[in-house]
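Let's take a walk through this protein together, from the overall fold down to single residues. Please keep the viewer open as you read.

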Amino acid sequence: MAEDRAQQQQQLDMPLVLDQDLTKQMRLRVESLKQRGGKRQDGEKLLWPTESVYRLDFTQQQKLQFERWNVLLDKPGKVTITGTSQNWTPDLTNLMTRQLLDPAAIFWRKEDSDVMDWNEADALEFGERLSDLAKIRKVMYFLITFGEGVEPANLKASVVFSQL
């Protein structure tokens, strides 16, 4: 039992937090283009209504090892979590499609089921990359795409790391 407690103390459950300001700014960019009749820059990734920007704050960047994703949907639907290599600055440099990381992690919950399903191999590979990114980042941004009637209020997501 003491061993279990020591294991839990070494694990960090780090939540993905909706970045409302950045999501709003990116949506304003889309609206501005629509109003002016403008076009996106070549390769620019515009935020769709079903997408939101989330962030993961690495409060302890040293020696993290990915353990697992904790993703819960309180109703049936699907979410796709895509990491970005973008380091947004106060001038809100536009997100380019080349800055979206592969693979994405996809999680879904079927009708009449409480069990979350996921694309295990891709999600695990993506999670392992987060350990490396934590060494050089203080914050990581994600685009989360909501599908099948799911929205941010239906999602609770975090990444669990062990601290080495």
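Predicted model: local features only at pLDDT ≥ 70, side-chain atom pairs only at ≥ 80, totals over all residues.

Residues are numbered from 1 along each chain as its sequence is written, and side-chain values use heavy atoms, with hydrogens and water left out.

How many helices and strands does the chain have? There are three helices and nine strands, where helices (H or I, at least four residues) and strands (E, at least two) are DSSP runs, numbered from the N terminus. The chain has 164 residues, and 41% of them count as buried; buried means under 20% relative accessible area, exposed over 50%, and partly exposed in between (1.4 Å probe, protein chains only). The accessible surface of the chain is about 9,900 Å², with 48% belonging to carbon and sulfur atoms. Such areas come from the Shrake-Rupley method with a 1.4 Å probe, and for residues only the protein chains shown count as cover. A contact means heavy atoms within 4.5 Å. Among contacts between residues at least 6 apart in sequence, 78% join residues at least 24 apart.

Now find the sheet. Six strands make up an open sheet in the order β2-β3-β8-β5-β6-β7, with antiparallel pairing. Its edge strands are β2 (17-18) and β7 (116-118), each of which pairs on one side only. Two strands pair if DSSP finds at least two bridges between them. Strand β8 (residues 139-147) pairs with β3 (residues 51-57) in the antiparallel sense over seven bridges, and Val 53 has Leu 143 as its bridge partner in β8. Strand β5 (residues 77-83) also pairs with β8 in the antiparallel sense, over six bridges. There, Lys 78 stands opposite Gly 147 in β8. Why is β8 largely enclosed by the rest of the structure? It is because seven of the nine residues of β8 are buried.

A few buried residues show how the pieces meet. Leu 56 lies in strand β3 and is buried, with a relative accessible area of 0%. Among the residues that Leu 56 touches, not counting those up to four places away in sequence, are Met 14, Leu 16, Phe 142, Val 159 and Phe 161. Leu 56 and Tyr 141 are 85 residues apart in sequence, while their C-alpha atoms are 6.5 Å apart in space. Thr 82 sits in strand β5 and counts as buried at a relative accessible area of 15%. With residues up to four places away in sequence again left out, Thr 82 touches residues including Leu 100, Phe 126, Tyr 141 and Leu 143. Thr 23, for its part, belongs to helix α2 (residues 20-36). Thr 23 counts as buried because its relative accessibility is 4%. Beyond four places in sequence, Thr 23 touches Leu 18, Leu 47, Glu 51, Ser 52 and Val 53.

The loops deserve a look too. Most residues other than glycine have a negative phi, and most peptide bonds are trans. A cis peptide bond, however, joins Asp 102 and Pro 103, with omega about -5°. Pro 103 is in the loop between β5 and β6 (105-109). Asp 112 is not a glycine, yet has a positive phi of about 65°. Asp 112 lies in the loop between β6 and β7 and is exposed, with a relative accessible area of 80%. Glu 148 likewise has a positive phi, near 60°. Glu 148 is placed in the loop between β8 and β9 (155-163) and is exposed at a relative accessible area of 61%.

Finally, which residues lie nearest the centre of the largest pocket? They are Val 30, Lys 34, Leu 46, Leu 47 and Trp 48, out of 15 lining residues. The volume of this pocket is about 280 Å³. On a 1 Å grid over the protein atoms alone, a pocket is an open set of points where a 1.4 Å probe fits, with protein on both sides within 12 Å along at least five of seven lines; lining residues have an atom within 4 Å of a point. Grid points are joined across faces, edges and corners, and a volume is the space filled by probe spheres set on the points. The lining has six nonpolar, two polar and seven charged residues. Here Ala, Val, Leu, Ile, Met, Phe, Trp, Tyr, Cys and Pro count as nonpolar, Asp, Glu, Lys and Arg as charged, and the others, Gly among them, as polar.
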